[in-house]
Amino acid sequence: MTKDVLVSVNGLQIARQNEDAEPIEIITAGDYYKKNDKHYIIYDEVVEGFDGTTRNIIKLQDDCMDITKRGVTNVHMVFEKNKKNVTCYQTPFGSLILGINAKKINITEEENDIFIDVDYALELNYTHLADCKIKVAVQSREAGDFHISS
């Protein structure tokens with residue numbers, strides 16, 4: 001994997017059964033490196049309606065994904081299979097308490113790609129809000145055709 005990568009983040013929140021869920025997707029350039037058997041993916045995200053950006057750092061190890069956001073929004077989310085993690089999510093509108101309980105974490109590493117697939121339950125202020133999915137695809141920019149699923 002090269003330092004220069006393309007990152008696709010695809011998220012889906014299902015708040016109620018039989019309710020249409022709107023997927024959210026961003027594709028952006030980023031940086032990748034591996035240190036002490038941990039993968040790091042770094043990219044900046046623009047938040048509509050606000051000046052500035054949010055720096056995202058994804059750290060992968062075994063069956064765990066950490067996402068740290070700094071900037072317009074600030075949060076450190078930890079996704080560990082079958083473990084609930086609670087964090088404070090700071091937004092321009094105020095702070096929220098998030099609970100994250102990952103049900104599935106699949107991390108697939110190939111020569112020029114990393115695919116992450118996570119299913120998790122999301123709580124807001126200690127109340128179940130939604131069942132969510134997040135897929136992250138990271139590909140070396142030199143690899144050619146960018147694809148988002150493994």
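Strand E5, spanning residues 64-71, is mostly covered, with six of its eight residues buried (buried denotes under 20% relative accessible area, exposed over 50%, and partly exposed the range in between, for a 1.4 Å probe and protein chains only). The model is a predicted one, in which local features require pLDDT of at least 70 and side-chain atom pairs count only at pLDDT 80 or more, whereas totals for chains, interfaces and linings use all residues. Residues are numbered from 1 along each chain as its sequence is written, and side-chain values use heavy atoms, with hydrogens and water left out. Strands (E, at least two residues) and helices (H or I, at least four) are DSSP runs numbered from the N terminus.

Strand E5 pairs with two strands, where pairing requires that DSSP finds at least two bridges between them. With strand E4 (residues 53-61), E5 pairs in the antiparallel sense over eight bridges. Within this pairing, Gln61 stands opposite Cys64 in E5. The hairpin of E4 and E5 has two residues between the strands, and Asp62 in this hairpin adopts a positive phi near 40°. Strand E6 (residues 75-80) also pairs with E5 in the antiparallel sense, here over six bridges.

Aromatic contacts were examined next. Rings of Phe, Tyr and Trp (its six-membered ring) pair if their centres lie within 6.5 Å; planes under 30 degrees apart count as stacked, over 60 as edge-to-face and the rest as tilted. By this rule there are three aromatic pairs. One of them, formed by Phe50 and Phe93, is edge-to-face, with 5.7 Å from centre to centre and 75° between the planes. Phe50 lies in the loop between strand E3 (38-46) and E4, and Phe93 in the loop between strand E7 (84-91) and strand E8 (94-109), so the pair ties together parts that are 43 residues apart in sequence. Phe50 is partly exposed at 30% relative accessibility, while Phe93 is exposed, its relative accessible area being 75%.

Phe79 and Tyr120 have ring centres 5.0 Å apart and planes at 75°, and the pair is therefore edge-to-face. This pair links distant parts of the chain, as Phe79 belongs to strand E6 and Tyr120 to strand E9 (residues 113-124), 41 residues apart. Phe79 counts as buried at 1% relative accessibility, and Tyr120 likewise counts as buried, at 13%.
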